[in-house]
Amino acid sequence: EQIWKETGWTSGFPDGKWRFEIPDNAAKVNAGALDYMSKNPQEMPKISSVVRHPELYDAYPDAKDISLFTHKGSGAEFSATGGGGSQSIKLSTFDEPKSPTLHELQHAIQQREGFARGGSPGGNGLFDYNAPAVVKLNEQKKLLETQLSKTPYLDDNMNMSQQFREVQNQIYALDKQMEGEAAMYGYKRLAGEAEARLTQARMNMTPEERLANYPVS
């Protein structure tokens, strides 16, 4: 932390690699250009024509050539082909643009520097069933399973009873919800994702504020 305060460098991240921060407070995203792109989805301009960030492009000149496009879904995504191929960032038309753009640009830097990488929910089988939300849902499931064991399976017509079917469907829904929560929790705990969210949290800090606030908790 003292090294950070005096030099702006740290190796305190999980991958142990030295890094410094490029201030993002002066970065600008041309919202008008994104609006045009949303109405003309075939347009895929270079990011430098939409996102103004001279300090970033000075440090990583090839980042200027990352393709940018929009979609009408939710969330954002950075993708890169192997062997130094094309790279792109996809933004949702519903999001405030600066924060998710910087998040995905951080993933681009991680790829260039060999830093710990991000991922996607459930990617590579990464599920964390010890997540607090999952544990809470599992407690609800156990109560329902107890209820199900006391619920008559058949009705008077020897068909599955409506009550049994309803409780069983609740259990199925909880299983699906638990899987989603476990996938999201595992995703958020990836070091690369934590760093990208940190980029978002610190995006409006001045260089002086960054030095005064050590980024590693």
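A crossing of two helices is right-handed if the near helix is turned clockwise from the far one by less than a right angle. In this predicted model, the crossing of α4 and α7 is right-handed.

Start with that pair. Helix α4 covers residues 98-113, and helix α7 covers residues 191-201. Their axes come within 8 Å and cross at roughly 135°. This angle makes α4 oblique to α7, because only angles over 145 degrees count as roughly antiparallel. On the α4 side, the contact uses S99, P100, L102, H103, Q106, H107 and Q110. On the α7 side, it uses G192, E193, E195, A196, R197, T199 and Q200. By residue class, this contact of α4 with α7 has eight polar, three nonpolar and three charged members.

Now turn to α5 and α6. Helix α5 spans residues 132-149, and helix α6 spans residues 162-188. The two pack at an angle of about 165°, with axes 9 Å apart. That makes α5 roughly antiparallel to α6, since the cut-off is 145 degrees. The crossing of α5 and α6 is left-handed.

Which residues meet here? From α5 come P132, A133, V134, L137, N138, Q140, K141, L144, E145, Q147 and L148. From α6 come F164, V167, Q168, Q170, I171, L174, D175, Q177, M178, E181, A182 and Y185. The contact of α5 with α6 comprises 13 nonpolar residues, six polar ones and four charged ones.

Next, the aromatic rings. Across the whole structure, a search finds four aromatic pairs. One of them is F127 with Y129. Their ring centres lie 6.2 Å apart and their planes meet at 15°, so this pair is stacked. F127 has a relative accessible area of 31% and is partly exposed. Y129 is also partly exposed, at 46% relative accessibility.

Y153 and F164 form another aromatic pair, and this one is edge-to-face. The centres are 4.9 Å apart, with 90° between the planes. Y153 sits in the loop between α5 and α6, while F164 belongs to helix α6, so the pair ties together parts eleven residues apart in sequence.

Are the two partners buried or exposed? Y153 counts as partly exposed, with 46% relative accessibility. F164 counts as buried, at 11%, because the limit for burial is under 20%.

Conventions:
Residues are numbered from 1 along each chain as its sequence is written. This is a predicted model: local features need pLDDT of at least 70, side-chain atom pairs count only at pLDDT 80 or more; totals for chains, interfaces and linings use all residues. Side-chain values use heavy atoms; hydrogens and water are left out. Axes are lines fitted to C-alpha atoms, for helices over the stretch in contact, and angles run from 0 to 180 degrees between N-to-C directions. Helices (H or I, at least four residues) and strands (E, at least two) are DSSP runs, numbered from the N terminus. Angles under 35 degrees count as roughly parallel, over 145 as roughly antiparallel, 65 to 115 as roughly perpendicular and the rest as oblique. Contact means heavy atoms within 4.5 Å. Ala, Val, Leu, Ile, Met, Phe, Trp, Tyr, Cys and Pro count as nonpolar, Asp, Glu, Lys and Arg as charged, and the others, Gly among them, as polar. Rings of Phe, Tyr and Trp (its six-membered ring) pair if their centres lie within 6.5 Å; planes under 30 degrees apart count as stacked, over 60 as edge-to-face and the rest as tilted. Buried means under 20% relative accessible area, exposed over 50%, partly exposed in between (1.4 Å probe, protein chains only).
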